[in-house]
Amino acid sequence: MLVSGLLPARAEEQTVHVYNWNDYFAPDTLTGFEKETGIRAVLDLYDSNEVLEAKLLAGSSGYDLVFPTVHPFAVRHLKAGIYQPLDKSKLPGLERLDADIMANLAKVDPGNQYLVPYMWGTTALGINPDKVRAALGEDTPLDTWGLIFDPEKAKKLAGCGISLLDDPTEVFAAALTYLGRDPNSQAPEDLEVAAELIKKVRPYIRYFHSSQYISDLANGATCVAHGYSGDILQARERAAEANQGVRIVYRIPREGAVLWVDVMAIPKDAPNPAAAHALIAYLLKPEVIAAASNHIFYANPNSAATPLLSPELRDDPEIYPPPEVRARLFTPSERSEREIRNLNRLWTRLKSGR
């Protein structure tokens, strides 16, 4: 069945070029879209907002629909004018989106003109509790950034494997949170202290990567991973399915953690914005977004989809945190170009061990 009124030409000529995070749809999301609309979907993957941002700022990316994180990336993109306004007449289902999430988005996107929320979650710790407690003791608390940033603990865990995201915004926020400082601080003295802390544990970090940790946690190759909530919960499910004795838990540290929202946006120079609107409209369907959430273990903002979620997902406090945990969460703030360059220089030096 074709979506009428969305396409300027014959459906069989239509292609939508999608740039998204790794493993961020259900297996049948895009095939279902193609079957319903006749529009061919071509998917490319990235594993960091920085990679996406570089392509978008360079212009002529060739993509019709992208999925940036709101803070600080999409905020910066809006100021740079790289997205085109949405035609809401082509997006039935917007009214189903969570009013609080839409109101918060409207603070950076007045009138919700450019951004449609896709998924939300937290960035925290994926842990193999058996290996961690074997290394640190049975009474070791798991809800702390100290598993990574306490040099003594990190040294003992190096043998079973620690990984950090390849993302300076996320890693510095986590380090500053552990130090009890403002996680969004760009003050030179705060960044220097955080960089020194990361440098101390650098010898014990196996790698910096933003997706490899999923399979490594699941198969027992690593025991502590800094990562995105849904990715780590996917690792937990894979480990359970493999039935090889690997147990994974997700913990939001008591010191605090990042709360993020990923959105859908259409680049200003998108080759086929009509097809992009058609894909957003498809993803606004409760049954479609619920199937995606059930597969990738991320919370979605579609209120009408909540009854369709698996109880395991809907009732998991690590996916839908209770109020007392939400109170400890924060969103990354926007940075100037100078601050971004400074952070990237620090990051490059830290990763290389210099």
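1. Is the crossing of H1 and H12 left-handed or right-handed? In this predicted model, the crossing of these two helices is right-handed, and their axes, which come within 11 Å, cross at roughly 115°. On the H1 side the contact is made by Thr-29, Leu-30, Gly-32, Phe-33 and Glu-36, which meet Ala-275, Ala-278, Leu-279, Tyr-282 and Leu-283 in H12. Sorted by class, the contact of H1 with H12 has seven nonpolar, two polar and one charged residues.

2. Helix H1 itself spans residues 29–37, and its buried residues are Thr-29, Leu-30, Gly-32, Phe-33 and Thr-37. These residues lie on the same side of H1, because they cover an arc of only 155° around the axis.

3. The packing of those buried residues of H1 extends to strand E1 (15–21), strand E2 (40–46), helix H12 (273–283) and helix H13 (286–296). Gly-38 follows H1, and the phi of Gly-38 is positive, near 80°.

4. Turning to the strands, E9 (residues 257–264) is mostly covered, with seven of its eight residues buried. Strand E4 (residues 116–127) runs antiparallel to E9 and is joined to E9 by seven bridges; within this pairing, Trp-120 stands opposite Val-261 in E9.

5. Strand E9 also pairs with strand E10 (residues 329–330), here in the parallel sense and over two bridges. For Val-258, the bridge partner in E10 is Phe-330.

Terms used:
Residues numbered from 1 in each chain as written. Predicted model: local features only at pLDDT ≥ 70, side-chain atom pairs only at ≥ 80, totals over all residues. Heavy atoms only, no water. Buried < 20%, exposed > 50% of the residue type's maximum accessible area, 1.4 Å probe, protein only. Helix = DSSP H or I, 4+ residues; strand = E, 2+ residues; numbered from the N terminus. Pairing = 2+ DSSP bridges. Arc of directions from axis to C-beta. Contact = heavy atoms within 4.5 Å. Axes fitted to C-alpha atoms, helices over the stretch in contact; angles between N-to-C directions. Left-handed = near helix turned anticlockwise from the far one by under 90°. Nonpolar A, V, L, I, M, F, W, Y, C, P; charged D, E, K, R; others polar.
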